Amino acid sequence: MSWNSQANEKVRSNKEDIVKKNILFLIFLLINLSFPCPIAGVFPSDVETGTLSIYFMQEQVGYEEYSWEEDDMGFTLTVRGRMTEPIAIEIESLVIRLDKSFIPERYLFKGRVSGVAQDIQSFFYEGTAVNTKQVGGQERTETVDIKRDAVLLPNPIFSPYMVLTKKFRCGLQEAKEIS
């Protein structure tokens, strides 16, 4: 056998091995995708979404789109929206994270209040809150003691009241018209 034919045989053998490995990988991938199972702590979650309409003096002045998600570690409320009266607020993102006992873990807000950009990050641990606020280009950090089971109700945003309804198992129902 010549050197060229040995090299060609080796290349052909390597190509066959690569094809076999690719086929085995595809079979493995198809089997894993066919049977959903938790991987690396990721579990299926329950998600509730909706929109709250905001009225002021009998006129709709805004809305809040919310998402309430439950996972194996706790709950997350995510909100986007806007309001024009009585205070102009644009909520790009609001996130409240709670553990399974409804104890707050973090609060994040990014948006505009009366036209001024604001970014607020609060982290909670064992009765201590560390708040970092950026308002109008200036940043301030403060640490305060709070009750461990405090409820976060940032004014004038309405979706966080959902935390109370979930904690005390109050059912939210759509408005019904009775004739």
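1. Strand 6 (116–125) and strand 7 (128–135) each supply at least two residues to the lining of the second largest pocket. Helices (H or I, at least four residues) and strands (E, at least two) are DSSP runs, numbered from the N terminus. The model is predicted: local features need pLDDT of at least 70 and side-chain atom pairs count only at pLDDT 80 or more, while totals for chains, interfaces and linings use all residues. Residues are numbered from 1 along each chain as its sequence is written, and side-chain values use heavy atoms, with hydrogens and water left out.

2. The second largest pocket holds about 180 Å³ of space. Among the residues that line this pocket are Tyr 107, Ile 120, Ser 122, Phe 124, Asn 131, Lys 133 and Glu 142. A pocket here is an open set of points on a 1 Å grid over the protein atoms alone, with protein on both sides within 12 Å along at least five of seven lines; lining residues have an atom within 4 Å of a point. The volume is the space filled by probe spheres set on the points, which are joined across faces, edges and corners.

3. A search of the whole structure finds three aromatic pairs. Rings of Phe, Tyr and Trp (its six-membered ring) pair if their centres lie within 6.5 Å; planes under 30 degrees apart count as stacked, over 60 as edge-to-face and the rest as tilted. The Trp 68 and Phe 102 pair is stacked, because the ring centres are 6.4 Å apart and the planes are at 15°. This pair joins strand 2 (residues 59–71) to the loop between strand 4 (89–99) and strand 5 (104–113), 34 residues apart.

4. Phe 75 and Phe 102 are also stacked, at 4.6 Å centre to centre and 15° between the planes. Phe 75 lies in strand 3 (residues 74–83), 27 residues from Phe 102.

5. Trp 68 counts as buried because its relative accessibility is 5%; buried means under 20% relative accessible area, with a 1.4 Å probe and protein chains only. Phe 102 is buried at 13%, and Phe 75 is buried too.

6. The largest nonpolar core has 23 residues, of which Trp 68, Leu 77, Leu 94 and Tyr 107 touch the most other members. Such a core is a set of buried Ala, Val, Leu, Ile, Met, Phe, Trp, Tyr and Cys residues joined through side-chain atoms within 4.5 Å. Strand 4 gives the largest share, five residues.

Terms used:
Buried < 20%, exposed > 50% of the residue type's maximum accessible area, 1.4 Å probe, protein only. 1 Å grid on protein atoms, 1.4 Å probe; cavity = no way out; pocket = protein on both sides within 12 Å on 5 of 7 lines; lining within 4 Å.
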